[in-house]
Amino acid sequence: MMIPATIEELATLVNREGKTVFLFTADWCGDCRFLKPLLPEIEAENPDFTFVEVNRDDYMEVAKKWNIYGIPSLVVLENRQEIGRFVNRERKTKMQINEFLAQLV
């Protein structure tokens, strides 16, 4: 899981080639804390994707621009174009995320 330290680093990840999953989270989010221990397994089971964790509070302007108001939420880009989004205010399970990503392979 990549975690950008600056807005410039995040911009570089947005502009990369290939499929990139941007997982918007926050430290205070209970559903995000529920999901966090599952992330290494989700990454291992989805090798076609690069995963980037975006702290919504650190990058609020990006979250607003991307219409991310509920977390955890996922936005998938391929070659700088959005190809999928799993955005809502509900807790997400490993199975739900894997099923979502399987549609994008």
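Is Glu53 buried or exposed? Glu53 is buried, with a relative accessible area of 12%; buried here means under 20% relative accessible area, exposed over 50% and partly exposed in between, using a 1.4 Å probe and protein chains only. Before going further, a word on the model: it is predicted, so local features need pLDDT of at least 70 and side-chain atom pairs count only at pLDDT 80 or more, while totals for chains, interfaces and linings use all residues. Residues are numbered from 1 along each chain as its sequence is written, and side-chain values use heavy atoms, with hydrogens and water left out.

Let's stay with Glu53 for a moment. Its place is in strand E2, residues 49-55; strands (E, at least two residues) and helices (H or I, at least four) are DSSP runs numbered from the N terminus. Leaving out residues up to four places away in sequence, Glu53 touches Met1, Met2, Ile3, Pro4, Leu23, Thr25 and Lys36, where contact means heavy atoms within 4.5 Å. Ile3 sits 50 residues away from Glu53 in sequence, yet their C-alpha atoms are 5.2 Å apart. The Glu53 side chain also makes polar contacts with the side chains of Lys36, at 3.0 Å, and Thr25, at 3.4 Å. A polar contact is a pair of N or O atoms within 3.5 Å; within protein, one must be able to donate a hydrogen and the other to accept it, and residues adjacent in sequence count only if both atoms are side-chain atoms.

Now zoom out to the sheet. It is an open one of 4 strands in the order E2-E1-E3-E4, with mixed pairing; two strands pair if DSSP finds at least two bridges between them. E2 and E4 stand at the edges with a single partner strand each, so one side of each has no neighbour in the sheet. On average, neighbouring strands are turned by 25° against each other, direction ignored.

On the E4 side (residues 81-86), 5 bridges make another antiparallel pair. Here Val76 faces Gly84, Leu74 stands opposite Phe86, and Glu78 has Gln81 as its bridge partner. The E3-E4 hairpin has 2 residues between its strands, and Asn79 takes a positive phi near 50°.

What about the packing? In the largest nonpolar core, which has 18 residues, Leu10, Phe22, Phe24, Val54, Trp66, Ile68 and Ile71 touch the most other members. Such a core is a set of buried Ala, Val, Leu, Ile, Met, Phe, Trp, Tyr and Cys residues joined through side-chain atoms within 4.5 Å. Helix H1 (7-14), E1, E2, helix H4 (60-65) and E3 each supply at least two of its residues, and H1 gives the largest share, 3 residues. A second, separate core of 14 residues includes Leu39, Leu74, Ile97 and Phe100.

Finally, helix H5 (residues 94-102) lies across E1, E2, E3 and E4, running at about 150° to E4; axes are lines fitted to C-alpha atoms, for helices over the stretch in contact, and angles run from 0 to 180 degrees between N-to-C directions. Asn46, in the loop between helix H3 (39-45) and E2, is buried at 8% relative accessibility and touches Phe51, Asn98 and Leu101, again leaving out residues up to four places away in sequence.
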